[in-house]
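Open the model in your viewer and keep the selection tool at hand.

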Amino acid sequence: MILMPGGPAGREAALFPPAGNFIEGDPVASVSEVDPDAAEELFKGVYPKLAGWVRRLVDDDDTAHEIASEAFVRLLARWTRVDSPPSYLYMIATNLIRDHWRKTERERRAIRSVTAGAAADPVAYTVQDVDVRDLIASLPPRLRDPFLLHYYGGFGIREVAALLRRPEGTIKADLFAARARLKRALGERDA
């Protein structure tokens, strides 16, 4: 038993949860196999350096502490199987940092893909934009609906055909006709 930091004086808590709370087959050390004094000494000696090292790599205090803490949790789960606990901690932290970087890159790519369309279409010519909306609104519904679904909604021709319950060939013909009408109308307007 150890005193929990930040808690009321004299409050004690188990250093590790009971072994029965883990998935069967998980290589978890039982409470009796872990020397609490050795674990606490390792934590006090290695945690600040580990958290500082992680902090320099992830550039965020909270994430650094989460990764360093998770590394200790994973070490304690394999306490009896590890020859060099400090080396194992850094190895685990390295893998967790890589996972963090991968996740961050996936999030960045997702944000870039979402914002790429918005950045490419700034409303610089509001009068012209209103004219285009009016031109699209002037199309008959038979042409306007597939046009909006395909070009503004981002649906493929097959999906538009399914949504409107029309054959794909008809949708292709309607899109061609809508483009031709808009091109003609824009040409007349600019002339």
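**Stop 1: a salt bridge**

Select K44 and E40: their side chains meet in a salt bridge, 3.5 Å from N to O. The term means a side-chain nitrogen of Lys or Arg within 4 Å of a carboxyl oxygen of Asp or Glu. K44 and E40 are about one helical turn apart, because four residues separate them in helix α1 (residues 36-58). By this rule the count comes to nine salt bridges.

Before moving on, note the ground rules. This is a predicted model, where local features need pLDDT of at least 70, side-chain atom pairs count only at pLDDT 80 or more, and totals for chains, interfaces and linings use all residues. Residues are numbered from 1 along each chain as its sequence is written, and side-chain values use heavy atoms, leaving out hydrogens and water. Helices are DSSP runs (H or I, at least four residues), as are strands (E, at least two), numbered from the N terminus.

**Stop 2: α1 on α2**

α1 and α2 pack at about 140°, axes 8 Å apart. Axes are lines fitted to C-alpha atoms over the stretch in contact, and angles run from 0 to 180 degrees between N-to-C directions. Now show the contact residues (heavy atoms within 4.5 Å). On α1 they include F43, Y47 and L50; on α2, I67, F72 and L75 are among them. By class, this contact has 16 nonpolar, three polar and two charged residues. Ala, Val, Leu, Ile, Met, Phe, Trp, Tyr, Cys and Pro count as nonpolar, Asp, Glu, Lys and Arg as charged, and the others, Gly among them, as polar.

**Stop 3: α5 on α6**

Select residues 141-152 (α5) and 157-164 (α6): they pack at about 135°, with axes 10 Å apart. That makes α5 oblique to α6. Show D145, P146, L149 and H150 in α5, which meet I157, V160, L163 and L164 in α6. The contact has six nonpolar, one polar and one charged residues by class.

**Stop 4: confidence**

Color by pLDDT, the predictor's confidence in each residue, from 0 to 100. The protein's mean is 76, and 73% of its residues reach 70 or more. Finish on residues 1-26, where pLDDT stays under 50.

Notes: Parallel < 35°, antiparallel > 145°, perpendicular 65-115°, else oblique.
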